[in-house]
Amino acid sequence: MSFSQLNTFRCRTFSSSSGKDLLPQAASSIPRAIGTAEVNTAVLSLEGTTQRIKKLFNKVDLSVSSYDTAWVAMVPSPNSGKEPFFPECVNWLLDNQLHDGSWGPPDLHPLLTKDALLSTLACILALKRWNIGEKQIDNGLHFIALNLASATDGEQPSPVGFDIIFPSMIESAFNLDVNLPVGGSTLDALLLRRDVELQRGNGSNSEGWRAYLAYISEGIGKSQDWEMVMKYQKKNGSLFNSPSTTAAAFTHLNNAGCLSYLRSLIEMFGSAVPTIYPLDKYARLSMVSSLESMGVDRHFREEIRSVLDETYRCWLQGDEDILSDAGTCAMAFRLLRLHGYDVSADPLSQFSEDRFFNSLGGYLKDTGAALELFRASEVIIHPDESVLEKPHYWTSHFLKQELSNNLTQVYRLNKHIDQVDDALRLPSYATLGRLSSRKAIKYYNTDSTKMLKSSYRCSNVGNEDFLKLAVEDFNMCQSIHREELEHLSRWVVESRLDKLNFARQKQAYCYFSAAATLFPPELSDARISWAKNGVLTTVVDDFFDVGGSEVELVNLVQLIEK
């Protein structure tokens with residue numbers, strides 16, 4: 001089921017007359033209310049989907065990037081500058097060109113042509129660097145010729161750094177005598193875009209701009225301040241966890257840490273690398289957050305506990321993969337605190353407004369990270385936690401501003417706009433869990449495509465099975481709730497409570513006060529007990545207020561006291 005299919009159905013109120021609030025099982029039609037036999041079938045389907053999701057907790061599925069693989073393929077051997085350090089990456093480029101001559105995901109969205117152009121040109125440069133793949137180079141040049149107009153199309157979303165990296169690669173291609181089909185006017189327009197962005201950024205001279213320049217170092221080349229770039233090196237040897245940036249740095253500096261990181265990538269992924277690595281901790285925390293928000297976390301209690309225990313251990317040890325990234329750190333803090341782990345909010349102080357906007361994420365207006373910081377700021381449990389109050393103010397202001405600006409194509413691609421609107425309108429602690437789950441299901445998007453220097457996907461973050469499980473589970477629970485409400489209505493009739501003219505008929509109200517929070521199927525007895533108690537309490541209340549005489553009331557009190 002796609003997000004668009006799910007989104008075409010409106011959220012309907014669950015009334016006592018219809019007893020329905022069923023989500024669509026498929027794109028065909030709104031389903032009828034299902035019975036006990038079909039609930040059993042649904043349970044079997046849930047079990048299969050649940051097992052597939054459980055396997056994802058053990059492995060983070062991250063797509064590879066033709067763009068980053070090309071930059072790793074361009075790294076020369078230290079023994080001979082005429083041979084590649086990683087020939088397996090060169091071979092991958094030769095074997096994985098698409099039928100249209102491009103490199104990249106085979107099902108790339110039409111709006112992501114700039115992504116395909118950047119990846120294709122990088123692959124051409126890599127093959128030309130080692131004088132191999134003449135046929136592939138020609139096919140790639142043909143693709144560029146057909147799609148070059150998109151490079152100056154302001155309506156299409158751009159990979160991070162496109163306006164600087166793409167013109168620089170064109171110049172590199174000319175230096176390698178590649179016959180690029182770039183006309184004078186198009187080249188002038190691209191170079192002008194690059195110059196304008198460089199002048200604007202150099203004028204600001206902010207730390208965020210310097211981080212951005214370091215991140216796109218492969219597009220700066222020999223004129224880059226590599227000493228400045230190496231200030232951003234992580235403990236794992238990488239620069240920004242980016243294979244392309246790290247490959248460019250190693251090519252210029254022969255840094256041992258960079259080489260160690262690149263070798264670890266090849267060992268982990270084989271002959272092709274992703275555009276960001278590692279992403280494991282963020283991906284698993286995102287799984288926990290998504291499953292909880294859609295109300296199906298009870299199926300994965302053991303797996304979630306394992307993820308949070310490991311996250312807590314890393315939190316206490318100051319793990320860089322968690323604490324150095326704003327979005328990951330904020331999400332880890334929120335989930336750990338909500339699950340009762342003793343975590344201080346102090347690590348979030350590093351993401352003050354000034355520091356955030358002077359970072360790479362802040363420069364790129366990372367709405368996802370800001371949204372996670374906003375959500376974390378709502379989890380205040382101590383009287384004086386200014387470290388959470390301050391980010392709540394500035395993140396809400398930033399998110400409102402981005403929302404009013406009607407977020408760009410790139411942010412719509414990253415699917416935060418609906419979540420931002422919902423988070424700003426209603427605090428997480430002031431929402432009814434079941435309604436929040438319904439909204440989370442409505443907004444959940446199975447297309448996990450995100451954009452850095454190239455587009456990438458992680459099935460742990462956006463997954464068809466997550467939505468399938470949530471929809472089936474929601475429908476199954478609603479069907480059980482409908483049957484329980486019918487049972488309650490029969491009990492009222494059998495007990496002749498409906499014959500009491502003075503008493504309000506509040507069975508639906510009493511039942512929903514329980515079902516809204518005690519929704520899992522296994523809590524059926526609790527819901528029924530709660531609802532029956534509510535019905536009887538309403539009858540007694542009305543008897544005292546309206547139906548009974550003074551003598552009857554005294555007799556009732558005496559009976560209860562006995």
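Which helix supplies the largest share of the lining of the largest cavity? The structure is a predicted model, in which local features need pLDDT of at least 70 and side-chain atom pairs count only at pLDDT 80 or more, while totals for chains, interfaces and linings use all residues. Residues are numbered from 1 along each chain as its sequence is written, and side-chain values use heavy atoms, with hydrogens and water left out.

The largest share, three residues, comes from helix 26, residues 524-547 (helices are DSSP runs of H or I with at least four residues, numbered from the N terminus). A search of the whole structure finds one cavity of 30 Å³ or more, and the largest cavity has a volume of about 50 Å³. On a 1 Å grid over the protein atoms alone, a cavity is a set of points where a 1.4 Å probe fits but cannot get out, a pocket is an open set with protein on both sides within 12 Å along at least five of seven lines, and lining residues have an atom within 4 Å of a point. Grid points are joined across faces, edges and corners, and a volume is the space filled by probe spheres set on the points. Among the residues that line the largest cavity are Val-492, Arg-504, Val-535 and Thr-538.

Helix 26 also packs against helix 27 (residues 550-561), their axes coming within 10 Å and crossing at roughly 150 degrees, where axes are lines fitted to C-alpha atoms, for helices over the stretch in contact, and angles run from 0 to 180 degrees between N-to-C directions. The two helices, helix 26 and helix 27, are therefore roughly antiparallel to each other, a word used for angles over 145 degrees. Phe-543, Phe-544 and Gly-547 of helix 26 make the contact with Glu-552, Leu-553, Leu-556 and Val-557 of helix 27 (contact means heavy atoms within 4.5 Å).

Another pair is helix 13 (residues 280-293) and helix 14 (residues 301-317), whose axes come within 10 Å and cross at roughly 135 degrees.

Note on methods:
Angles under 35 degrees count as roughly parallel, over 145 as roughly antiparallel, 65 to 115 as roughly perpendicular and the rest as oblique.
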